[in-house]
Amino acid sequence: MTQISTHSELEEYIAKVFEYDYKLKVFKLRAMETIHVHSRNPLETPKELAALYQLFLEAESPSGLRKIVKLSEKLSLAEKYPWLKPIIDETKKLARELEELEEKELDLKMKGLL
C-alpha cells in the first residue's frame with residue numbers, strides 16, 4: 001500500500017511541475033508583451049521598465065520571481081504604472097507556488113523517490 005501512495009505522490013508532483021512550467025512560460029511571455037506594448041517606443045522606455053523586462057527574461061526560480069516583486073515594490077511600479085499591478089500580483093502567486101514545489105521536491109528526495 002505504501003508503494004502505491006508514494007507512486008501516486010510522485011506522479012502528482014511531476015504533473016504539478018509540468019503544469020507550473022507551462023504557467024510560468026505563458027505568464028512570462030504575457031508579462032513581457034504587456035511591458036513591450038506599454039513601452040511603445042523602445043528608445044524611450046523608462047529604465048525601470050527595461051530592468052523589469054530583463055528580470056522576466058531571467059526569472060526561473062523563486063528568487064528570480066522575488067527580485068521582480070522587490071524591484072516593483074521598491075520603485076512603486078504598480079502606482080506609477082497601474083497596468084503592472086495584475087502582473088506583479090501574479091508574480092507573487094507564482095513565486096509561492098514554486099516554493100511549494102521545491103518543498104515537495106525536497107520531501108520526495110528525503111523519501112528516496114527522486
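Me: Which element gives the most to the lining of the largest pocket?
Reply: That's α1, with six residues. Bear in mind that this is a predicted model.

Me: Which elements each supply at least two residues there?
Reply: α1 (2-39) and α5 (85-110).

Me: OK, names please. Which residues line the largest pocket?
Reply: Glu12, Tyr13, Lys16, Glu19, Tyr20 and Lys23 are among them. The lining also includes Glu97, Glu100, Leu101 and Lys104.

Me: How many of those are charged, and how many nonpolar?
Reply: Seven are charged and three are nonpolar. The lining has no polar residues.

Me: What volume does the largest pocket have?
Reply: About 190 Å³.

Me: Switching to the second largest pocket. How much space lies in that one?
Reply: About 160 Å³.

Me: Which residues line the second largest pocket?
Reply: Tyr13, Val17, Tyr20, Asp21 and Leu24 are among them. Glu60, Leu98, Leu101, Glu102 and Glu105 also belong to the lining.

Me: And which elements give two or more residues to it?
Reply: α1 and α5.

Me: Where does the largest share of that lining come from?
Reply: From α1, which gives five residues.

Me: How does the lining of the second largest pocket divide by class?
Reply: Six nonpolar, four charged, no polar.

Me: Back to Tyr13, Tyr20 and Leu101. Which pockets do they line?
Reply: Tyr13, Tyr20 and Leu101 line the largest pocket. Tyr13, Tyr20 and Leu101 also line the second largest pocket.

Terms used: Residues numbered from 1 in each chain as written. Predicted model: local features only at pLDDT ≥ 70, side-chain atom pairs only at ≥ 80, totals over all residues. Heavy atoms only, no water. 1 Å grid on protein atoms, 1.4 Å probe; cavity = no way out; pocket = protein on both sides within 12 Å on 5 of 7 lines; lining within 4 Å. Points joined across faces, edges and corners; volume = space filled by probe spheres on them. Helix = DSSP H or I, 4+ residues; strand = E, 2+ residues; numbered from the N terminus. Nonpolar A, V, L, I, M, F, W, Y, C, P; charged D, E, K, R; others polar.
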